[in-house]
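Please examine the sequence and the structure shown below before reading on. The explanation that follows is intended to be read beside them.

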Amino acid sequence: MDDDLIPSVFARDCASRHVLANVTGRWGGLALAALHEGPHRFNALRRRVDGVSEKMLAQTLQALERDGLVRREVQATIPPRVEYSLTDFGQRVAAKFVELIELVEAGVPAARAAQEAYDRAH
């Protein structure tokens, strides 16, 4: 991508599309939302994001770290302690994602009513 071009998530090869895919993927947003609560060790984060496998969480965190959203800190202890937290960019993205989560959770009754009405009509 040419550095002079303005990023556009609608452009096929734009880096923003790849970052957005990592953020909005099945586990990316949930990992960001959990880390928005504060730093977590891997297993604590895995417990918080119920249903994610160890492999998928590791891949998700690597992608988010590569995108500059997550910071991985290895502490020199025995055994080594690894803690994940958000970067400044990650904090801003996670805050927006948490707003979306809260909006969706508040709308669950309306969504359920719409689903029931749809199912009755079809």
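The paragraphs below treat the sheet, an aromatic pair, a helix, a pocket and the salt bridges in turn.

This is a predicted model, in which local features need pLDDT of at least 70, side-chain atom pairs count only at pLDDT 80 or more, and totals for chains, interfaces and linings use all residues. Residues are numbered from 1 along each chain as its sequence is written, and side-chain values use heavy atoms, with hydrogens and water left out.

We begin with the sheet. Helices (H or I, at least four residues) and strands (E, at least two) are DSSP runs, numbered from the N terminus. Two strands are said to pair if DSSP finds at least two bridges between them. In general, the strands of a sheet pair through backbone hydrogen bonds, either parallel or antiparallel. Here, three strands make up an open sheet with antiparallel pairing, in the order E1-E3-E2. Strand E1 (40-41) and strand E2 (70-75) are the edge strands, each pairing on one side only. Two bridges join E1 to strand E3 (residues 81-86) in the antiparallel sense; His 40 has Tyr 84 of E3 as its bridge partner.

Tyr 84 also takes part in an aromatic pair. Rings of Phe, Tyr and Trp (its six-membered ring) pair if their centres lie within 6.5 Å; planes under 30 degrees apart count as stacked, over 60 as edge-to-face and the rest as tilted. The count by this rule is one aromatic pair. Phe 42 and Tyr 84 form this tilted pair, with 6.5 Å from centre to centre and 55° between the planes. Because Phe 42 lies in helix H3 (residues 42-48) and Tyr 84 in strand E3, the pair ties together parts that are 42 residues apart in sequence. Both Phe 42 and Tyr 84 are buried, where buried means under 20% relative accessible area, exposed over 50%, and partly exposed in between (1.4 Å probe, protein chains only).

Which residues of H2 are buried? They are Gly 28, Gly 29, Ala 31, Leu 32, Ala 33, Ala 34 and Leu 35. Since seven of the nine residues of helix H2 (residues 28-36) are buried, this helix is largely enclosed by the rest of the structure. After H2 comes Gly 38, with a positive phi near 145°.

Helix H2 also contributes to a pocket. On a 1 Å grid over the protein atoms alone, a pocket is an open set of points where a 1.4 Å probe fits, with protein on both sides within 12 Å along at least five of seven lines; lining residues have an atom within 4 Å of a point. The lining of the largest pocket includes Ala 33, Ala 34, Glu 37, Arg 48 and Glu 105. H2 and helix H5 (88-106) are the elements that give two or more residues to this lining.

Finally, the structure holds three salt bridges, each being a side-chain nitrogen of Lys or Arg within 4 Å of a carboxyl oxygen of Asp or Glu. One of them joins Glu 37 and Arg 48 (2.6 Å, N to O). This pair links distant parts of the chain, eleven residues apart: Glu 37 is in the loop between H2 and E1, and Arg 48 in helix H3. Arg 48 counts as partly exposed because its relative accessibility is 48%. Another salt bridge connects Glu 54 with Arg 46, their closest N and O atoms being 3.8 Å apart. Arg 81 and Glu 83 also meet through their side chains in a salt bridge (3.6 Å, N to O).
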